[in-house]
Amino acid sequence: MGYRNRERLRKPDEHWAAEVADDRARADAPAAVRTAIAESALALVRADSPLPGVQERFWWLPSTGTSAVIAHLTAFELDESLCEQSLDSFVFLGTGGMVQNIVEVEGTSFDAAIDGVLLVTFDDSTIALRRLLGRSARTLVIVDVFVDDGVALHEAEHDISALFAAIEVRA
């Protein structure tokens, strides 16, 4: 079977992983490097979301060296009674944990927005959760990034903030 026919038989996630490998590997990278990148991308796309109800997932894939970061987007319609609560009251929603910091975010289309970092215990380990929350009218939008590699989170921080700032809620 020729290469073209094998490409047609690939599943969409395998095709995407191969494209990621082609995009992220140096032009002179050995086949083993491309395979490793493709396998890593495939594992990411097939992984379950850490919280139920996630509606979209966004991948931040570095060109070299550090771990990929996945941002999970969830949106909720709030009851009237919840619209009056402060945005801080939603920071633990579904996760619990301990707050490291919370700051107000400006420059978004939301009526109010915050950016927080939590330490969350899963099984016997503690991981960091960067949680961006925005509220527009009765809609609450949450972008979650769970990491166990603080360096990867730091390197992706600007792009994750830009992703959050680009979100618009339309009635």
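Guide: A salt bridge is a side-chain nitrogen of Lys or Arg within 4 Å of a carboxyl oxygen of Asp or Glu. This is a predicted model, in which local features need pLDDT of at least 70, side-chain atom pairs count only at pLDDT 80 or more, and totals for chains, interfaces and linings use all residues. Residues are numbered from 1 along each chain as its sequence is written, and side-chain values use heavy atoms, with hydrogens and water left out.

Visitor: How many salt bridges does the structure hold?

Guide: The structure holds three. In one of them, the side chains of Arg130 and Asp115 meet at 2.6 Å, N to O.

Visitor: Where do Arg130 and Asp115 lie?

Guide: Arg130 lies in strand β5 and Asp115 in strand β4 (residues 112-122), so the pair ties together parts that are 15 residues apart in sequence. Helices (H or I, at least four residues) and strands (E, at least two) are DSSP runs, numbered from the N terminus.

Visitor: Are Arg130 and Asp115 buried or exposed?

Guide: Both residues are buried. Buried means under 20% relative accessible area, exposed over 50%, and partly exposed in between (1.4 Å probe, protein chains only).

Visitor: And which residue forms a salt bridge with Asp144?

Guide: Arg131 does, with the closest N and O atoms 2.6 Å apart. This pair links distant parts of the chain, Arg131 being in strand β5 and Asp144 in strand β6, 13 residues apart. Arg131 counts as buried at 1% relative accessibility, and Asp144 is buried as well, at 3%.

Visitor: What about Glu80 and Arg138?

Guide: Their side chains meet in a salt bridge at 3.5 Å, N to O. Glu80 lies in helix α4 (residues 80-83) and Arg138 in the loop between β5 (125-136) and β6 (139-147), so the pair ties together parts 58 residues apart in sequence. Glu80 is exposed, with a relative accessible area of 51%, whereas Arg138 is partly exposed at 33%.

Visitor: Changing topic: how many residues has the largest nonpolar core?

Guide: That core has 17 residues, and Val143, Ile160 and Phe164 are among those with the most contacts inside it. A nonpolar core is a set of buried Ala, Val, Leu, Ile, Met, Phe, Trp, Tyr and Cys residues joined through side-chain atoms within 4.5 Å.

Visitor: Which element supplies the largest share of this core?

Guide: Helix α5 does, with five residues.

Visitor: What is Phe164 in contact with?

Guide: Leaving aside neighbours within four places in sequence, its contacts (heavy atoms within 4.5 Å) include Val105, Phe110, Leu132 and Val143.
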